[in-house]
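Subject: Structure handover

Hello,

Here is the structure for you to look through. Please open it first, then read the notes under it.

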Amino acid sequence: QEDRHELGAERFALKVPDYDADAARHLSEAEFLAHFRAEATALMGLPQHDALARFVSFDLGCRPKPILVMELVEGPTLERLVDSRTLDMPRAVAALGQVPEGLGEMHALGIGHLDLKPSNVVLRGGENAVLVDFGLAGRNIRPGCGSAPYSPPEIWGATPPQSLITPMSADVYSFACLAFETLTCEL
C-alpha cells in the first residue's frame, strides 16, 4: 500500500506492507513481514542514482505496521505514455537506456527490483526514467513476486527443481517484456 505525503517542499511515498489474500496463499503473515523487513534492509544499501527513487527511511517500530519511506518521483509513468501513445521513439530509447543503469546499481549489490513493469518506471520531468516501487525488491526470489505479464515463468514455479533463477535474471526477463511493450505499444 502506498501513500503520498508532503513535508516542506519534499514529497514522499510511504510503503506499508499489505498482507492480502494473494500474499496469504504463499506466506504466513509473519513470513510476509519478515520479507518486507529484509527487502527494506537491502534497499538501505542502495547508492543514490538518477535512475533510482531515493531511499529515505525505514521504520520497523512504526505501529501497527512498519513503513518504508521513498522519494516521490514526479512525472508520467512509462505505462501512461505507452497507453496514450504519446511516447516518441527518441524518448522511448532514452528511457530504455536509463532503466538498466538503475538495475545495474541494484544488481551490483545482489538486489533485484522484482516488479519491473511500465507502471514502475516514472519519467522525471517527462524525460528521465526512474525506477520506483521497491516493495518486492530483494535478494531472493519468492513465490508470486512480480507481476504476471512481466515475470519469468520461474517465478510461478514453471521450471525443473535444479533450475537456478536469481533476482537479477528475473529483472532481465522483465526488462525484455518492458522494452517490447515500450517499443511496440503492445503487451
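Ala53 sits in the loop that leads from helix H2 (29–44) to strand S3 (55–59). Before going further, note that this is a predicted model. Is Ala53 buried or exposed? Its relative accessibility is 6%, and Ala53 is therefore buried, the cut-off being under 20%.

Which residues does Ala53 touch, once its neighbours within four places in sequence are set aside? They are Met70, Glu71, Val73, Val130, Leu131, Val132 and Phe134. Glu71 is 18 residues away from Ala53 along the chain, yet their C-alpha atoms are separated by 5.6 Å.

Next, the strands. Strand S4 (residues 67–71) is mostly covered, with five of its five residues buried. S4 pairs with strand S2 (residues 10–15) in the antiparallel sense, over four bridges, and in that pairing Lys15 stands opposite Leu68 of S4. S4 also pairs with S3, again in the antiparallel sense and over four bridges. There, Ser57 has Val69 in S4 as its bridge partner. In a regular strand, side chains alternate between the two faces of the sheet.

Arg124 has Asn128 in S6 as its bridge partner. S5 and S6 form a hairpin with three residues between them. In the turn, Gly125 has a positive phi of about 65°.

Now the helices, starting with H2. This helix has 16 residues and reaches 23 Å from its first C-alpha to its last, close to the 22 Å expected. The buried residues in H2 are Phe32, Leu33, Phe36, Glu39, Ala40, Ala42 and Leu43. An α-helix has 3.6 residues a turn, so residues three or four places apart point the same way. What do the buried residues of H2 pack against? The partners are S2, helix H1 (21–24), S3 and S4.

Helix H4 (89–108) has 20 residues and reaches 29 Å between its first and last C-alpha, close to the expected 28 Å. Its buried residues are Ala92, Ala95, Leu96, Gln98, Val99, Gly102, Leu103 and Met106. These buried residues pack against S5, S6 and H5.

Helix H5 (residues 167–184) has 18 residues and reaches 26 Å, close to the 26 Å expected. Ten names make up its buried list: Pro167, Ala170, Asp171, Ser174, Phe175, Cys177, Leu178, Ala179, Glu181 and Thr182. The buried residues of H5 pack against helix H3 (78–83), H4 and S5. Just after H5 comes Cys185, which takes a positive phi of about 60°.

Last, the empty space inside. Rolling a probe the size of a water molecule over the atoms shows where such space is left. How many cavities of 30 Å³ or more does the structure hold? It holds one. The largest cavity contains about 50 Å³ of space. Its lining is made up of Leu114, Asp115, Leu116, Cys145, Gly146, Ser147, Tyr150, Ser151, Pro152, Ile155, Ala170 and Ser174. By type, the lining divides into seven nonpolar residues, four polar and one charged. Ala170 and Ser174 of this lining are also on the list of buried residues in H5.

Regards

Terms used: Residues numbered from 1 in each chain as written. Predicted model: local features only at pLDDT ≥ 70, side-chain atom pairs only at ≥ 80, totals over all residues. Heavy atoms only, no water. Helix = DSSP H or I, 4+ residues; strand = E, 2+ residues; numbered from the N terminus. Buried < 20%, exposed > 50% of the residue type's maximum accessible area, 1.4 Å probe, protein only. Contact = heavy atoms within 4.5 Å. 1 Å grid on protein atoms, 1.4 Å probe; cavity = no way out; pocket = protein on both sides within 12 Å on 5 of 7 lines; lining within 4 Å. Points joined across faces, edges and corners; volume = space filled by probe spheres on them. Nonpolar A, V, L, I, M, F, W, Y, C, P; charged D, E, K, R; others polar. Pairing = 2+ DSSP bridges. Expected span 1.5 Å × (residues − 1).
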